[in-house]
Amino acid sequence: MYLIDKKKYFDWINSNKFLTGCQKKVMIYLRKQLEKIYVNRQSNKQFYTYIENAYKSEKILIIAKIILLLQKFIGYKKAVNLVSEIKKNKMTDTEVLKIMEKTISEKGIKRNSNDVYNLCSSYKYVFESLALKYKDYIKENNIDIKKIIYLDIGCGNGNKTLMFSKSIGIEKENVNGTDIKSWGPYDTALHSSHQFNFKYVKEDGTLDYPDNSFDIITCFLMLHHVEKLDFLLGEINRVLKPSGRVIIIEHDCHDDYDKMILEILHKCFEYLKDKNNDDVSNSGYSSYHNWAEWDFIFDKNNFTYVKSNYIFINLEHSTRFDNIYYAIYAKK
Ligand SMILES: C[S@@+](CC[C@H](N)C(=O)[O-])C[C@H]1O[C@@H](n2cnc3c(N)ncnc32)[C@H](O)[C@@H]1O
């Protein structure tokens, strides 16, 4: 299991010239608050613990976030009712998921038809914004867009790989994806159908590419699933060109509520979408961090911070329950 060394992290925060005094105090305070109300997946009580504590501490936005998550699957009214039921009956996670499954089988997955996401997905939104900035960068640095070589690590179904490469205008033959053999819903059949160059990550975790191969490497929502994180970051550093950029999309996970809601979300996907009903408390590896911790992890693996921002389309979506953000790093 990858754990951040608390002392080194606090020393790094305190000596970081890019963080303000308030940021330093808050980041250290938040780290010390972890594991106060948290219960793990195996407890089978994550929904209840989250909701009960949020009500007890009158945390309105935290309550809103669990309603938003449930709404995504079963619609608003059912979501609000279910939150009350969970609290009143101290439901187990299995009981909650069974109710959600029944509602979905009767009504299908509910979509909010007025949602701004129907205009464009949050990923398309952010990829287009990144592309605009990247085009400035390649102009300033006299880089020929036709020669940009791109790798997406942990590409999954490859949808974001294609969406991102098209936004930037990367030539089709320069788009590469890599992934491990099987993970959740992604298997070898899916990986053999990709519309871009694809190679598996080697058995020992090595990336199957020569040193200094890529101008852009992306890791979309995958780093929190990587157990040997320092090893992979070493590999990314090796295959990235000296002038290259790594772009990550991650969950900005600050406290026990953030951590539990992300685990609840993964549990919902596994149970309701991947139909992995055998053991709801069992899942693959995940280790969530906040933005400062990701900066710390990248810094100690020889990357420099370039830029980061939250991903949301309008202010209403700034309360996304999965707190996604992007960060860009360069090789030191
Ligand atoms: C949540 S999925 C995200 C997939 C895709 N990037 C997306 O955003 O749609 C996590 C991905 O990380 C991949 N993954 C997990 N551990 C990995 C590792 N050690 N090296 C490379 N990929 C890994 C999984 O196979 C999976 O494709």
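Which residue is the bridge partner of H251 in β7? I will come back to that in a moment, after a few words on what we are looking at. This is a predicted model, in which local features need pLDDT of at least 70 and side-chain atom pairs count only at pLDDT 80 or more, while totals for chains, interfaces and linings use all residues. Residues are numbered from 1 along each chain as its sequence is written.

Let me start with the whole chain. The protein chain comes to twelve helices and seven strands, where helices (H or I, at least four residues) and strands (E, at least two) are DSSP runs, numbered from the N terminus. Its C-alpha trace spans about 60 × 45 × 40 Å along the principal axes. The radius of gyration is 21 Å, which agrees with the value near 20 Å that a compact globule of 332 residues would have; here the radius is taken over C-alpha atoms, and the globule rule is 2.2 Å times the number of residues to the power 0.38. Of the 332 residues, 33% are buried, and by that word I mean that 20 or more other C-beta atoms lie within 10 Å of the residue's own, whereas exposed means 12 or fewer and partly exposed lies in between, with C-beta atoms placed from the backbone.

Now to the sheet, and to my question. The seven strands form an open sheet with mixed pairing, in the order β3-β2-β1-β4-β5-β7-β6, and two strands pair if DSSP finds at least two bridges between them. The edge strands, each pairing on one side only, are β3 (197-200) and β6 (303-310). Strand β5 (residues 240-251) runs antiparallel to β7 (residues 324-331), with seven bridges, and the bridge partner of H251 in β7 is I324. On the pairing of β6 with β7, the sense is again antiparallel over seven bridges, and there T304 has A330 in β7 as its bridge partner.

In the loop between β6 and β7 we find N323, whose phi is near 45°, a positive value in a residue other than glycine. As a general point, most residues other than glycine have a negative phi. N323 counts as buried because it has 22 C-beta neighbours inside 10 Å.

Is E58 buried or exposed? With 8 C-beta neighbours inside 10 Å, E58 counts as exposed. In helix α3 itself (residues 46-56), the buried residues are Q46, F47, Y48, Y50, I51 and A54, and what covers them includes α4 (60-74), α5 (76-89), α6 (93-107) and α11, on the basis of contacts, meaning C-beta atoms, placed from the backbone, within 7 Å. Helix α11 (residues 256-273) also holds E270, and E270 counts as buried because 21 C-beta neighbours lie inside 10 Å.

Last, the ligand. It is surrounded by 16 residues, the closest being G154, G156, W183, F220 and M222, where a residue is near if its C-beta atom, placed from the backbone, lies within 6 Å. By class, this shell has eleven nonpolar, three polar and two charged residues; Ala, Val, Leu, Ile, Met, Phe, Trp, Tyr, Cys and Pro count as nonpolar, Asp, Glu, Lys and Arg as charged, and the others, Gly among them, as polar.

Methods. Contact = placed C-beta atoms within 7 Å.
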